[in-house]
Amino acid sequence: MQNPPLFLGSEIYRGSSYGQWHPLRVPRVSTVMDLSRAMGWLPETQYRNSPRAKPKALHIWHTEAYVAALEQAERDQAVSAETRERHGLGTVSNPIYPEMFRRPATAAGASLLAGELLADGGAIYHPGGGTHHGMPDRAGGFCYLNDPVLAMLSLRRAGAKRIAYVDIDAHHADGVEAGFAGDPETLLISVHEERRWPFTGGLDEDGGGNCLNLPVPRGLNDSEMTFILNELILPAVGDFTPDALVLQCGADAVDEDPLSRLSLSNNAHWDVLRALMGLKAPRLLVLGGGGYNPWSVGRLWTGVWATLNGHDIPDRVPSDAEAVFRALTWDKARAGRNPPTHWFTTLRDIQRPGPIRPEIAERVTQLRQRPAARGNIPTGKLRY
């Protein structure tokens, strides 16, 4: 890609928290911004401040009633029992907090802007994005809005015809599937932990023909992810020949994350990105997603930015970057009480190879036999 990638960020993520007991009490996007600058990888020419989406812009997928309820909940810092039941606001997973509209609206604004900026091609990194559980009329799974869906609609509005969406978060991309299932011009691939919330994305669930769902067992290792990449993701995306590629790069599939039981190193995520970059889709958008250990998220997502730019990742980070790591805290988490030294001094994990288990090989073989895995999605009526 001719122009250097753009990084879409915002200061709204700094200090914004879902509450002292919520998994998203930890800093994530601000850490990646600070680390990328400390590494010398984020000049102002590559940084763009994310706009906040206006309510009307969100109505291209979210209902007017839901967006209004989300705005009202932020103003009142409370919801009625009826609103909680109807829209999923004010729950344990999707709590009331001070920026509960402004923060997701900023992520949505960046995704909508990304589609416009990529009209003529290029690459964009939006680590605050990837909220793939949001539904048109309801919050879900820490996601108040669904910025991946909004990004894909923006890409389409800006001229992209065939969009491939690849999701390597530990949780199934149920909201994105709800948005694009059955769309013959969209390929959806989700690799996620089996029997993990939201308990959707079964191997046999094909969304009307355009969805390749791969639930994987606990302990997924780097070797298995490489196998999935080479035997399923790359052939399927390559045969689909997209003119826009969206990668949701949730950091919760790594070994240190508290909300999954997968065992990847961050090398696996970077390898997926590097391989997808090699397909040379004209438009590339990389989103964040899950990830609830502040050190592993910061290390992984900063490495994503390095990979996008072709930067070498050093064996030890410079002192300014180490200072960013040492300033992090992870309250109320056992692993945060005595972090290992390499969480402060390195970006790259030690690789976590292992055997390729028969159930994974069998599931990949089954998916490779689907028409969608060969670029042949059944023709249907476009949703948008």
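At what angle do the axes of helix H5 and helix H6 cross, and within what distance do they come?

## Helices H5 and H6

In this predicted model, helix H5 spans residues 102–117 and helix H6 spans residues 147–157. Their axes cross at roughly 25° and come within 7 Å. Angles under 35 degrees count as roughly parallel, so H5 and H6 are roughly parallel to each other. Their crossing is right-handed.

On the H5 side, the contact uses Ala107, Ala108, Ser111, Leu112, Gly115 and Glu116. These meet Asp147, Leu150, Ala151, Ser154, Leu155 and Arg157 in H6. By class, the contact of H5 with H6 has six nonpolar, three polar and three charged residues.

## Helices H8 and H13

Helix H8 covers residues 222–240, and helix H13 covers residues 358–368. The two pack at an angle of about 5°, with axes 10 Å apart. H8 is therefore roughly parallel to H13.

H8 contributes Glu224, Phe227, Ile228, Glu231, Leu232, Pro235, Ala236 and Asp239 to the contact. H13 contributes Ile360, Ala361, Val364, Leu367 and Arg368. Nine residues of the contact of H8 with H13 are nonpolar and four are charged. No polar residues take part in this contact.

## The largest pocket

The largest pocket holds about 410 Å³ of space. It is lined by 30 residues. Closest to its centre are Leu24, Gly141, Phe142, Cys143 and Tyr292.

H5 returns here. It supplies the largest share of the lining of the largest pocket, three residues. The lining divides into 13 nonpolar, eleven polar and six charged residues.

Notes
Residues are numbered from 1 along each chain as its sequence is written. This is a predicted model: local features need pLDDT of at least 70, side-chain atom pairs count only at pLDDT 80 or more; totals for chains, interfaces and linings use all residues. Side-chain values use heavy atoms; hydrogens and water are left out. Axes are lines fitted to C-alpha atoms, for helices over the stretch in contact, and angles run from 0 to 180 degrees between N-to-C directions. Helices (H or I, at least four residues) and strands (E, at least two) are DSSP runs, numbered from the N terminus. Angles under 35 degrees count as roughly parallel, over 145 as roughly antiparallel, 65 to 115 as roughly perpendicular and the rest as oblique. A crossing is left-handed if the near helix is turned anticlockwise from the far one by less than a right angle, and right-handed if clockwise. Contact means heavy atoms within 4.5 Å. Ala, Val, Leu, Ile, Met, Phe, Trp, Tyr, Cys and Pro count as nonpolar, Asp, Glu, Lys and Arg as charged, and the others, Gly among them, as polar. On a 1 Å grid over the protein atoms alone, a cavity is a set of points where a 1.4 Å probe fits but cannot get out, and a pocket is an open set with protein on both sides within 12 Å along at least five of seven lines; lining residues have an atom within 4 Å of a point. Grid points are joined across faces, edges and corners, and a volume is the space filled by probe spheres set on the points.
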